[in-house]
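Please work through the exercises below with the sequence and the model open side by side. Each task sentence is followed by a solution that goes step by step.

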Amino acid sequence: MMKFRFRRQGADPQREKLKQELFAFNKTVEHGFPNQPSALAFDPELRIMAIGTRSGAVKIYGAPGVEFTGLHRDTATVTQMHFLPGQGRLLTLLDDSSLHLWEVVHRNGCAHLEEALSLQPPSRPGFDGASGPLSLARVTVVLLLAAGDLAALGTEGSSVFFLDVPTLTLLEGQTLAPDDVLRSVPDDYRCGKALGPVESLQGHLRDPTRILIGYSRGLLVIWNRAARCADRVFLGTQQLESLCWERSGNTLVSSHSDGSYAVWSAGAGSSPTTQPTVATTPYGPFPCKAINKILWRNCASGDHFIIFSGGMPRASYGDRHCVSVLRAETLVTLDFTSRIIDFFTVHSTRPEDEFDEPQALAVLLEEELVVLDLQTPGWPAVPAPYLAPLHSSAITCSAHVANVPAKLWARIVSAGEQQSPQPASSASSWPITGGRNLAQEPSQRGLLLTGHEDGTVRFWDASGVALRPLYKLSTAGLFQTDCEHADSLAQAAEDDWPPFRKVGCFDPYSDDPRLGVQKVALCKYTAQMVVAGTAGQVLVLELSDVPSEQAVSVAGVDLLQDREGFTWKGHERLSPRTGPLPWPAGFQPRVLVQCLPPAAVTAVTLHAEWSLVAFGTSHGFGLFDYQRKSPVLARCTLHPSDSLAMEGPLSRVKSLKKSLRQSFRRIRKSRVSGKKRAANANSKLQEANAQLAEQACPHDVEMTPVQRRIEPRSADDSLSGVVRCLYFADTFLRDAAHHGPTMWAGTNSGSVFAYALEVPAAAAGGEKRAERAVEAVLGKEVQLMHRAPVVAIAVLDGRGRPLPEPYEASRDLAQAPDMQGGHAVLIASEEQFKVFTLPKVSAKTKFKLTAHEGCRVRKVALATFASVACEDYAETCLACLTNLGDVHVFSVPGLRPQVHYSCIRKEDISGIASCVFTRHGQGFYLISPSEFERFSLSARNITEPLCSLDISWPRDTTHTSHRLRESPKLSQANGTPGVVLSPGSCDGSPDPVRSKGDDTPEPPEATLSPMSIDSATSADTTLDTTGDVTVEDVKDFLGSSEESEKNLRNLAEEEAQACAVLIK
């Protein structure tokens, strides 16, 4: 007889409403440094900066918390960017020669970045000067003129076109062809040679009718647009790279491909100038690389700055990335570790000012942004409040600490300030201060900890939009490495010319890969933390406000327990330094626990109240009492066939033969099991059952989904002994009447070990803690049936809530756990979640995620979701990230599915592996080596940019009547769907009625503030081929001419009204 289980029809409307008040998925902000930057711009009036990337993203930054993000439709490199000063508008040039105009538009009290217009110049049918409609070769340079209303476009074909910026239309009849310029050039200079591409266009600060044109061949021309003639001609002979026009207009400086620069006098005179007043190769006389860009800035003191990039001696330092700063007799060669993209100076741009008086120099590099204070002697670097390179050393792990106490926060900030003391100068402040941050002050402080390949742990302020660096902890000083000798050799070699100065913090090279940090844990109430590394090193550290000099205790824990037949073939352990060592203020190591064999630590947890630290590797797990500095427990988890666990991640002796043998075994097993199933199946019986099911089952009743069959994993799989999670809890393990300290460990083979601990401090008040040893007794051992890896373990109290952190209950910082009702333990494996009662460990509830959804669990966390409708209502739920990049939320302890969202591309393996959840329903994951994407699952707890700009561009509606009006479209930015806002949409607030449980929802984050459009960092971007909507396209789709004119008139009126409402 067949049995059918039917679900209840429909859903509980009250519960659905509550879900909308608790859960909402939003991608809110991107922390860190933009991946693969390609262009830079600065607005001196609004004090905002823009960065463009190779994937077509546009990011605008102002004061901390003021951020805007836009994304071009096509995945094309942004080659140039130019602000229309004071207007909040930005002109971008892509490598396909298309031009795009972006606007900062105020809506609902907040500013948003939107693309207003775009222009794809027609391709060149012949030469630039050919008759017929205007056609451009590739645009090489852009210059804004006349307060941004006009732009000059230099091309590869030596022509200069003029563009009306508010409408992005080419102006006919004003094109400057190369023949027009050659009329002013002597015949002997022409020699039948072409001028080459236009390399540079410069405007006169006080006379907008004059522009300076530089051609690749070396010819420089001051062109008078009003008279349509050349005022001055400079007959350069070296290949031109860059130009700069001094603010008075009397001096030009040009840089060239041979590493030289020349200064030209632009005084009165009509005859062509053949020789510059000054020509020098600063790093000659040997062949040098090209000077790619040069700036001239004068000062009231009478001297001037010359700042240029490149020009290094080709043979000796051709691989260096340098910017040279020259003032009078002082020359500093700024040596960076990544390629220079662009740079600018922050100086006076008002025409009435006589001098530039540069205040700061900002250099955009491929991996970081460096700002130097030019008004302080020594030109020190200014610490950046955001845009810090997260990947200064590759990120290897991350953790989030919520609700950091104010005292600990102040101590960490103080330790960070002592690491990099700044001169007491008002000029050393951050120069990019535009806009206003409208977001409220965060109610709680959040720390993001990142572990790095070089053995450092960096502390970041993750409370708001700007991810601010607070403090850096280095563990390399505890170990003996070869880096000191290399540093001394490097310093000895660089005392000569040129005068190099190392600038920036991006350093991707690690002295020893064994230093890499694998796991981090921090107790926010005792300021103690644990840092575990690649070579089995486990450091227990404590925060100190003053420097000290002390020795570090070293203890070893053998996890193999003298098991025979295993020989470690991986890397050696790190050798610790002996004797007292100097430690700066901050986290200072107290104990070093060395796991043997020295394999990478895979799990770690800290219980400061019991002074215990637990750690696990691929061989087993250990428990250490760091107050008595003695090991408590060591347990080997290796299976007899786990030979791969003995080879280590840095070993090159992994057996290819064994891996192939295991693959063939799996294939053979699957074929055999498939044949058995096919042989036992009766096709006629199946057909009859299917027909019966169709007749008996009403179509409007939802059946439970068919569960996938999950094959149990083999016990002899490689690396089955890897310890995946460790957990401390005060709960019932021995019997239902007595609770006490316990430790839980989960492995890769689905084994769970529970130990009952005897901690003297828990019973004796702490006086006899150092006299008595902690004891551990195995209380329970659970083997999951399918042997799926155990991802997380958590104990729930009698109310079904997770237990508080150490010291939270004893210091009245959290509600005390319910010790009257029965406790339960939640075990999350890669395939299912299961709740067991304690102390009997009998199954209570489970949810088979792999069987229902066909995915595997990668990350799990318990989070508190507060309601947006009721201040006091909150639920604790289980948040889960799968290998498909989906985020699921389940109720606890019932394990009922609540919502699920598509968060990360399933192909983005590193992004999924790097994800970390917070306690309040947010999360972070890496979208590139240098950027964290922040997302929120909570409808109430959202961290997003809320900011405004004081813009002053004309309110004439004719400027905005040409704005694109199109429906929102999905763009695969970072491979994650996001809605690009249409400029015509009038409401940017999220729709609270939007269904959250739909399989393919339109992400609501796109209708939120400026960061709703993700920056594309992947080539897997869906291209929109619809092109731009023009007036001609609209006419084609309309009927009669009268109807078309009427519709166009109505359209213009609607847009004029919308602009009047939107623009303040």
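**Exercise 1.** Locate Pro 893 relative to the strands around it, and state the form of the peptide bond that joins Val 892 and Pro 893.

*Solution.* Begin with the strands, which, like helices, are DSSP runs numbered from the N terminus (H or I over at least four residues for helices, E over at least two for strands). Pro 893 sits in the loop between strand E56 (886–891) and E57. Then inspect the bond between Val 892 and Pro 893, which is cis, with omega about 5°. A second case is the peptide bond from Leu 838 to Pro 839, also cis, with omega near 5°; Pro 839 belongs to the loop between strand E52 (832–837) and strand E53 (842–848).

Keep in mind that this is a predicted model, in which local features need pLDDT of at least 70 and side-chain atom pairs count only at pLDDT 80 or more, while totals for chains, interfaces and linings use all residues. Residues are numbered from 1 along each chain as its sequence is written, and side-chain values use heavy atoms, with hydrogens and water left out.

**Exercise 2.** Determine which residues of H1 are buried and which elements they pack against.

*Solution.* Apply the burial classes, with a 1.4 Å probe and protein chains only: buried is under 20% relative accessible area, exposed is over 50%, and partly exposed is in between. In H1 the buried residues are Leu 18, Lys 19, Glu 21 and Leu 22. Viewed down the helix axis, they fall within an arc of 160° (taken over the directions from the axis to the C-beta atoms), so they line one face of H1. Pro 13 and Lys 17, on the other side of H1, are exposed. Next, look for contacts, meaning heavy atoms within 4.5 Å: the buried residues of H1 pack against E1, strand E54 (857–866), strand E55 (874–882), strand E57 (897–902) and E60.

**Exercise 3.** Describe the sheet that contains E1 and E60, and the placement of H1 on it.

*Solution.* Two strands pair if DSSP finds at least two bridges between them. On that basis, 4 strands form an open sheet with antiparallel pairing, in the order E1-E60-E59-E58. Its edge strands, each pairing on one side only, are strand E1 (23–32) and strand E58 (916–917). Between E1 and strand E60 (residues 931–938), which run antiparallel, there are 7 bridges, and Gly 32 has Glu 931 in E60 as its bridge partner. Helix H1 (residues 13–22) packs on this sheet, touching E1 and E60, and its direction makes about 15° with that of E1; axes here are lines fitted to C-alpha atoms, for helices over the stretch in contact, and angles run from 0 to 180 degrees between N-to-C directions.
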